Amino acid sequence: MYREGISCYSAFMVITSVYSGRLPASYEREERPKDEGPTPINVSMVFTSLNYFDVSKAALSTTFHLHMSWADTRLSVNGTDDHRVFYAHQVWTPPLVVNNANGGSANVLQDDSAPLKVLKDGTVIWIPRVAQRTACGFDIRYFPYDIQICYVEIGSWVHPTSDVTLRSVKSQGKNISLALYAGERQWGIMEKYLSVKTHSVAGGFGFNYSSLTYTFVFQRQTPFYTLLMLVPFCFLSFLLSGVFLIPFTRADKLLYSLAMLVSLSIFMVLLFSILPPVSSSDNFHLGNYMVSVITHGLSVIVLSVVLLCVHKYKEATEERGKTCSCTSLPSIDLVMSAVSAVVNIVLVAVYSTRLGEADSVLSQLQNP
């Protein structure tokens with residue numbers, strides 16, 4: 001066992017001696033490569049995982065790899081080795097930040113353990129792993145069929161555009177590569193809408209800073225909400241119409257409608273418990289639908305009470321041997337049951353039509 005450990009250590013030292021190189025004596029890590037003009041940084045993003053999508057806190061946590069390359073002629077050599085290996089604490093690396101970071105440190109390049117490959121001509125290739133939490137404004141108008149658009153903005157820190165410029169490079173012909181992404185159960189990525197935009201951000205003292213804005217489009221996976229929330233809620237709303245079919249001689253006629261209304265209210269409480277307190281839009285179609293159903297339920301209860309009072313009055317009148325001129329209550333019940341069912345159908349149709357407009361949020365996307 002001891003000899004195996006020695007052999008492994010020896011192999012590690014051999015590999016290190018072959019692929020690691022020595023820096024020139026005049027090399028200054030704090031100084032950027034000073035060729036003609038600003039130093040261009042080629043950046044490509046490979047998305048790996050969606051850690052969590054916190055709707056209540058309007059925060060998005062993602063993990064991705066940044067494939068970066070730049071030219072540093074100070075590291076060029078005439079040797080026979082194809083490349084050498086250094087680490088971030090040894091050579092100059094572009095200081096980048098996530099401009100829309102939500103909490104924590106904004107510096108995205110703190111992984112000194114990620115090695116850098118330096119080619120003979122001085123081209124530096126660095127692939128750090130980034131796990132970052134960013135702010136994302138949520139639009140819940142079309143919940144649970146909503147589409148959320150979030151941005152990850154990576155910008156230059158310290159160095160203005162006169163020193164460093166960021167350039168987006170496609171990976172396998174895509175703006176954002178999903179080659180390492182395994183998927184997520186609650187949210188799906190609409191790959192055809194992934195994009196990146198190169199621009200500059202105005203800073204203080206008249207300086208501009210280069211920046212890359214990556215656009216992510218997420219679509220909620222709806223089967224859970226459809227089967228366990230919307231279908232039961234719609235079914236209960238139609239059951240409200242059944243209160244008019246219960247004979248007036250049954251004591252539980254009014255109790256039935258109250259039970260339906262309480263059940264609908266419970267569904268509303270469960271819904272609003274999983275939604276954020278604020279949204280980028282003031283309109284909430286599902287909330288409007290549920291409030292309309294609850295209002296309809298209240299009107300059904302009030303009307304049931306009125307009809308029950310009329311029925312009691314009719315019975316009392318007939319017991320005194322008098323004739324009541326009241327309209328036949330069973331026929332009124334049938335009419336009101338049909339009217340209540342039509343109201344529910346109209347509410348469902350209006351809500352479904354508005355949900356069909358969920359793709360309209362994609363119109364705000366700008367072509368990079």
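Predicted model: local features only at pLDDT ≥ 70, side-chain atom pairs only at ≥ 80, totals over all residues.
Residues are numbered from 1 along each chain as its sequence is written, and side-chain values use heavy atoms, leaving out hydrogens and water.

**Aromatic pairs**

- The structure holds twelve aromatic pairs (Phe, Tyr or six-membered Trp rings with centres within 6.5 Å; stacked under 30 degrees between planes, edge-to-face over 60, the rest tilted).
- Phe233 and Phe267 pair edge-to-face, at 6.2 Å centre to centre and 75 degrees between the planes.
- Phe233 is in helix H2 (residues 223-239) and Phe267 in helix H3 (residues 253-273), so this pair ties together parts 34 residues apart in sequence; helices are DSSP runs (H or I) of at least four residues and strands (E) of at least two, numbered from the N terminus.
- Tyr289 and Tyr351 are stacked, at 5.1 Å centre to centre and 15 degrees between the planes.

**Nonpolar cores**

- The largest nonpolar core has 44 residues, of which Tyr214, Phe216 and Phe218 touch the most other members (a core joins buried Ala, Val, Leu, Ile, Met, Phe, Trp, Tyr and Cys through side-chain atoms within 4.5 Å).
- Strand E1 (residues 39-54) gives the most to this core, with six residues.
- A second, separate core of 34 residues includes Leu264 and Met268.

How values were computed. Buried < 20%, exposed > 50% of the residue type's maximum accessible area, 1.4 Å probe, protein only.
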